[in-house]
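Please consult the sequence and the model shown here.

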Amino acid sequence: QVQLVESGGGLVQPGGSLRLSCAASGIIFGSYRMAWYRQPPGKQRELVAAVTSSSRTNYEDFVEGRFTISRDNGKNTVDLQMNSLKPEDTAVYYCNARKPIWGGLDEYWGQGTQVTVSS
């Protein structure tokens, strides 16, 4: 059974920091691209950052150098360090694991963790 379990969300003031963590089980972690998505209130889910199986990273433009994604293949975890948080970063953040398979994608989602940026 595949599980992606997020932790680290919460309430933080603008300009503050949070570190999200996702622990994966039931998959060969090192073979998956890992990513963080978010879904702001009333909006669609969007990609935040991703790290490939070879540890290449990419970030959406709105990150603007504030976030860092990292993975630990020994611990089967992927983290998202978020600094200089803004109110518009408020969202439910989801961990995602994905890899191409014959004919499609093998993909899994976590349950999400709420991040609220407010004074």
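Is Cys 22 buried or exposed? Cys 22 is buried, with a relative accessible area of 0%; buried means under 20% relative accessible area, exposed over 50%, and partly exposed in between (1.4 Å probe, protein chains only).

The model is predicted: local features need pLDDT of at least 70 and side-chain atom pairs count only at pLDDT 80 or more, whereas totals for chains, interfaces and linings use all residues. Residues are numbered from 1 along each chain as its sequence is written, and side-chain values use heavy atoms, with hydrogens and water left out.

The structure holds one disulfide, a term for a pair of cysteine sulfur atoms within 2.5 Å. This disulfide joins Cys 22 to Cys 95, with an S to S distance of 2.1 Å. Because Cys 22 belongs to strand β3 and Cys 95 to strand β9, the pair ties together parts that are 73 residues apart in sequence. The torsion about the S-S bond of Cys 22 and Cys 95 is about -80°, so the disulfide is left-handed.

| Cysteine | Strand | Relative accessible area |
|---|---|---|
| Cys 22 | β3 (residues 18–25) | 0% |
| Cys 95 | β9 (residues 91–101) | 0% |

The chain has zero helices and eleven strands; these are DSSP runs, numbered from the N terminus (helices H or I, at least four residues; strands E, at least two). Buried residues make up 41% of the 119 residues in the chain. The C-alpha trace spans about 45 × 30 × 25 Å along its principal axes.
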